[in-house]
Amino acid sequence: MVTAESQEMPLSIGEVSQRTGLSPHALRLYEREGLLVGTIQRTASGRRRYGAADVDWLLICVKLRRSGMPLADLKRFAELVRRGPGNETERLQLLDSHQRRVEAQIQALEDCRSLIAWKVGVYAEHLARGEADGLWDPTVPSSAPADRQAPMRPRPNP
């Protein structure tokens, strides 16, 4: 968050690195690739000096990247933000598209978590009863109960 105190204190690349989790190398890359929305100020000796708004934007970038937004989309989003008002519909489309991808990833992970939780329950139940011999044993014929069979190969999606 931008506070009056933080607006007065320009930050070094090291300080911004600590606050955002981005390495100084990544911060330079973001600047070079046009991923920042403002111009990074420089000292007389050429050292970068970041403001609080730069840090806030970088924290948004970190979340978007961590959620899987491609660099090209992030670059386009930064470009639109830099241009200012008038392109909100395009920004919304970019973010909406990314949100749908993230929601699909979350659903896929929920499906995986559900399967894992079921298998944990099966194993825990068998171990608690002392019946773990042969559990998921690929040498057991396929007529054995499903939890004792070898895993089936996934079918390709049509």
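**Exercise 1. Which residues have the most contacts inside the largest nonpolar core, and how many residues does this core have?**

Some ground rules come before the solution. This is a predicted model, in which local features need pLDDT of at least 70 and side-chain atom pairs count only at pLDDT 80 or more, while totals for chains, interfaces and linings use all residues. Residues are numbered from 1 along each chain as its sequence is written, and side-chain values use heavy atoms, with hydrogens and water left out.

*Solution.* 

Step 1. A nonpolar core is a set of buried Ala, Val, Leu, Ile, Met, Phe, Trp, Tyr and Cys residues joined through side-chain atoms within 4.5 Å. Buried means under 20% relative accessible area, exposed over 50%, partly exposed in between (1.4 Å probe, protein chains only).

Step 2. Count. The largest core has 23 residues. Those with the most contacts inside it are Val16, Leu22, Leu27, Tyr30, Tyr50, Leu58 and Leu74.

Step 3. Assign helices (DSSP runs of H or I, at least four residues; strands are runs of E, at least two; both numbered from the N terminus). At least two core residues come from each of α2 (13-20), α3 (24-32), α4 (52-66) and α5 (71-83). The most come from α4, with six.

**Exercise 2. List the contacts of tyrosine 50, leaving aside its neighbours within four places in sequence.**

*Solution.* Contact means heavy atoms within 4.5 Å. The partners of tyrosine 50 are Met9, Pro10, Leu11, Ser12, Ile13, Val16, Leu27, Glu31 and Ile40.

**Exercise 3. Where do the salt bridges of aspartate 73 and arginine 129 lie?**

*Solution.* 

Step 1. Aspartate 73 meets arginine 101 at 3.3 Å, N to O. Aspartate 73 is in helix α5 and arginine 101 in helix α6 (residues 88-129), so the bridge ties together parts 28 residues apart in sequence.

Step 2. Arginine 129 meets glutamate 125 at 2.4 Å, N to O. Both are in helix α6, four residues apart, so about one helical turn separates them.

Step 3. The whole structure has 11 salt bridges. A network of them links Arg76, Glu79, Arg83 and Glu90.

Notes
A salt bridge is a side-chain nitrogen of Lys or Arg within 4 Å of a carboxyl oxygen of Asp or Glu.
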